Amino acid sequence: MTGTGECARWAPGDQILWRYRDNGRAAHRPPGGSPVHICRPVTVVQDTAELLAVWMAPGTECVRPVLADGTQVHAEPLATRYTAPRTTARSTWFGAGVLKLARPGDPWSVWLFWDRGWLFRNWYVNLEEPHTRWSGGVDSEDHFLDISVHPDRSWKWLDEDEFAQAQHVGLMDRATAARVREAGLAAVEVIAAWGSPFRDGWEHWRPDPGWPVPPLPDDWDRTPAHMPT
């Protein structure tokens with residue numbers, strides 16, 4: 001990392017953590033459980049005042065939420081998906097890697113997916129809290145609603161049922177939901193204008209073959225000093 005304080009920047013090849021806090025589920029969290037429920041070690045591609053780009057390599061060991069009995073979250077019926085007790089589990093990211101792009105202050109990040117042989121599949125707009133930087137990486141909170149953008153520039157909303165259910169069970173209040181929908185509409189305007197990062201050619205980017213797969217540290221859930229509560 002170069003620089004100091006809030007202006008510190010990571011160099012290409014640095015390894016950091018890309019994490020998400022659990023969504024207002026403190027009442028369902030085990031005693032002593034971490035507020036972080038998703039952690040993905042990534043390699044920095046670019047870190048400037050305009051953009052943080054990171055690469056999550058195939059085979060990366062990550063942390064993901066699971067139900068208390070180990071069942072995958074999406075195997076639980078939607079009606080109880082966000083109220084059933086949860087824990088976290090380590091798992092390996094299989095398949096192609098993911099390039100993640102986040103502009104400071106934006107309430108979303110844009111992910112690029114490829115199929116085997118580097119056949120570009122789509123962009124994925126993940127609506128979320130603007131990222132909070134700390135010495136070991138960045139933290140955010142997912143907002144359930146997403147957008148898929150295809151190479152022909154068509155797009156569609158994703159996970160609207162989960163977005164509605166999160167509101168229904170009290171994980172997101174009405175004001176926050178309205179703000180998230182507004183953020184999604186703002187992202188749609190960028191898509192319609194084919195603004196950055198969609199126009200920037202990131203689908204042709206390739207990782208440095210010399211980069212090792214970042215390890216998942218034992219203290220992946222450590223709490224940075226300025227982490228929102």
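**Entry 1: ground rules**

For my notes, contact means heavy atoms within 4.5 Å. I am working on a predicted model, in which local features need pLDDT of at least 70 and side-chain atom pairs count only at pLDDT 80 or more, while totals for chains, interfaces and linings use all residues. Residues are numbered from 1 along each chain as its sequence is written, and side-chain values use heavy atoms, with hydrogens and water left out.

I started with Val45, which sits in strand 2; strands (E, at least two residues) and helices (H or I, at least four) are DSSP runs, numbered from the N terminus. Is Val45 buried or exposed? Val45 counts as buried, at 13% relative accessibility. My cut-offs are under 20% relative accessible area for buried, over 50% for exposed and partly exposed in between, with a 1.4 Å probe and protein chains only.

Leaving out residues up to four places away in sequence, I found Val45 touching Pro12, Ala53, Val54, Trp55, Leu99, Trp202, Trp205 and Trp211. Leu99 is 54 residues from Val45 along the chain, and their C-alpha atoms are 8.9 Å apart.

Thr43 is in strand 2 too, and at 2% relative accessibility Thr43 is buried. Beyond four places in sequence, the contacts of Thr43 include Gly13, Asp14, Gln15, Trp211, Pro212 and Pro214. Ala53, Val54 and Trp55 are also among the contacts of Thr43.

**Entry 2: the whole chain**

I counted two helices and 12 strands, in the order β-β-β-β-β-β-β-β-β-β-β-β-α-α. The radius of gyration is 17 Å, close to the 17 Å from the globule rule for 229 residues, so the chain is as compact as a globular protein of that length. That radius is taken over C-alpha atoms, and the rule is 2.2 Å times the number of residues to the power 0.38.

Along the principal axes, the C-alpha atoms fill a box of roughly 40 × 40 × 35 Å. Of the 229 residues, 47% count as buried. Among contacts with a separation of 6 or more, 61% come from residues 24 or more positions apart.

**Entry 3: the largest pocket**

How much space lies in the largest pocket? I get about 880 Å³. A pocket here is an open set of points on a 1 Å grid over the protein atoms alone, where a 1.4 Å probe fits, with protein on both sides within 12 Å along at least five of seven lines; lining residues have an atom within 4 Å of a point. Points are joined across faces, edges and corners, and the volume is the space filled by probe spheres set on them.

The lining has 30 residues, with Ile38, Arg40, Arg64, Pro65 and His74 nearest the centre. Strand 2 (36-47) and strand 8 (119-128) are among the elements giving two or more residues. Strand 4 gives the most, with four residues.

Most residues other than glycine have a negative phi, and most peptide bonds are trans. I looked for exceptions.

- Trp118, in the loop between strand 7 and strand 8, has a positive phi near 60° and is partly exposed at 34%.
- Asp159, in the loop between strand 12 (155-158) and helix 1 (160-168), has a positive phi of about 60° and is partly exposed at 27% relative accessibility.
- Ser196 and Pro197 are joined by a cis peptide bond, with omega about 5°; Pro197 lies in the segment after helix 2 (174-193).
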